[in-house]
Amino acid sequence: MKNFALIGAGGYIAPRHLRAIKDTGNTLVAAYDKFDSVGIMDSFFPECSFFTENEQFDRYCSKIRNSKKHIDWVSICTPNYTHDAFIRYGLRIGANVICEKPVVLNPYNIDALMEIEKETGGKAFNILQLRLHDSIVALKKKIEEGPKDKMYDIDLTYITSRGNWYYTSWKGDVHKSGGVATNIGVHFYDMLTWIFGDVKENIVHVMSHDRVAGYLELEKARVRYFLSINADHLPANAIQGEKRTYRTITINGEEFEFSEGFTELHTKSYQHILNGDGFRISEAKRCIQIVSDIRNSTPIGLKGDYHPLAKLSLTKHPFGW
């Protein structure tokens with residue numbers, strides 16, 4: 001059994017990490033969040049020491065360093081722009097680190113963190129859970145066993161609506177979140193490059209506070225994508241339970257189905273990491289490079305091979321949605 005500390009216990013994604021720590025037979029000894037709405041911890045680790053002050057959390061972690069409660073792993077579920085600092089912290093207190101996506105906002109941050117891994121002897125891992133999805137693993141195998149010189153035409157559409165709170169929060173600040181492509185798209189870019197190879201061309205057609213559309217040419221695929229957090233872009237059949245979400249990928253005109261099988265992927269990620277098979281932060285550099293390039297691009301408009309929904313930037317409901 002390993003001892004964990006959790007940074008960002010009050011966040012949206014934290015319950016998945018709490019469950020993963022528990023389901024893998026480990027224990028949470030310390031948690032930190034500047035917000036105290038963390039009653040969810042009672043369902044997993046009611047005995048965990050919780051702090052709302054970073055200094056107190058740091059003091060406690062130092063205090064237990066040579067005890068039976070010494071921290072083996074630090075899990076990070078904080079806002080995107082803080083990941084770099086907290087990964088450094090975890091490594092420097094002698095722990096290994098598991099960090100939510102995106103691991104950092106810029107590729108050069110990964111280079112610096114890899115140097116700290118060398119200095120401390122610790123290891124930092126990124127949650128890249130789509131690589132563990134059964135359907136995606138099967139797709140990768142199919143592509144690898146297919147014709148070596150075949151190019152695939154892919155359309156990626158992901159619309160996950162967010163309310164007005166989004167723009168007031170850190171997620172609405174591109175300097176803190178990285179923008180829409182980073183916030184909701186980074187794991188899709190990782191999945192696509194994991195299967196179809198390195199980026200040869202990266203073009204942005206449309207980019208605003210609530211959507212991004214562009215084109216990626218990979219070694220074995222031409223990808224048109226449209227990502228949005230605007231509910232007005234949802235098709236009528238997109239309601240899934242109480243969440244207004246629409247996610248689809250078509251490959252050579254055929255829909256690739258992977259809508260199920262997401263609930264246990266964090267636990268599976270933890271199992272892989274603890275078994276020595278996790279994805280190191282170096283493996284995330286390719287997708288971080290993609291979102292960094294998108295964020296720093298100048299959109300070219302509706303030119304060339306663009307996703308059909310890119311036209312939504314011109315009219316609110318062009319297809320009657």
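Trainee: How much of residues 3–123 is helix, and how much is strand?
Mentor: Over that stretch the chain is 36% helix and 18% strand, with its end C-alpha atoms 15 Å apart. Helices (H or I, at least four residues) and strands (E, at least two) are DSSP runs, numbered from the N terminus. This is a predicted model, where local features need pLDDT of at least 70, side-chain atom pairs count only at pLDDT 80 or more, and totals for chains, interfaces and linings use all residues. Residues are numbered from 1 along each chain as its sequence is written, and side-chain values use heavy atoms, leaving out hydrogens and water.

Trainee: What does UniProt list for 3–123?
Mentor: An unreviewed UniProt entry lists those residues as "domain: Gfo/Idh/MocA-like oxidoreductase N-terminal". UniProt positions follow the numbering used here, feature names are shortened, and annotations may be inferred rather than shown by experiment.

Trainee: Okay, backbone now. Which residues does the cis peptide bond join?
Mentor: K101 and P102, with omega about -15°. P102 sits in the loop between β5 (96–99) and α4 (107–120).

Trainee: And what's the phi of N252?
Mentor: Positive, about 50°, although N252 is not a glycine. Most residues other than glycine have a negative phi, and most peptide bonds are trans.

Trainee: Where is N252?
Mentor: In the loop between β12 (243–251) and β13 (254–256). N252 is partly exposed, at 38% relative accessible area; buried means under 20%, exposed over 50%, partly exposed in between (1.4 Å probe, protein chains only).

Trainee: Switching to the whole protein, how many of its residues count as buried?
Mentor: Of the 321 residues, 51%.
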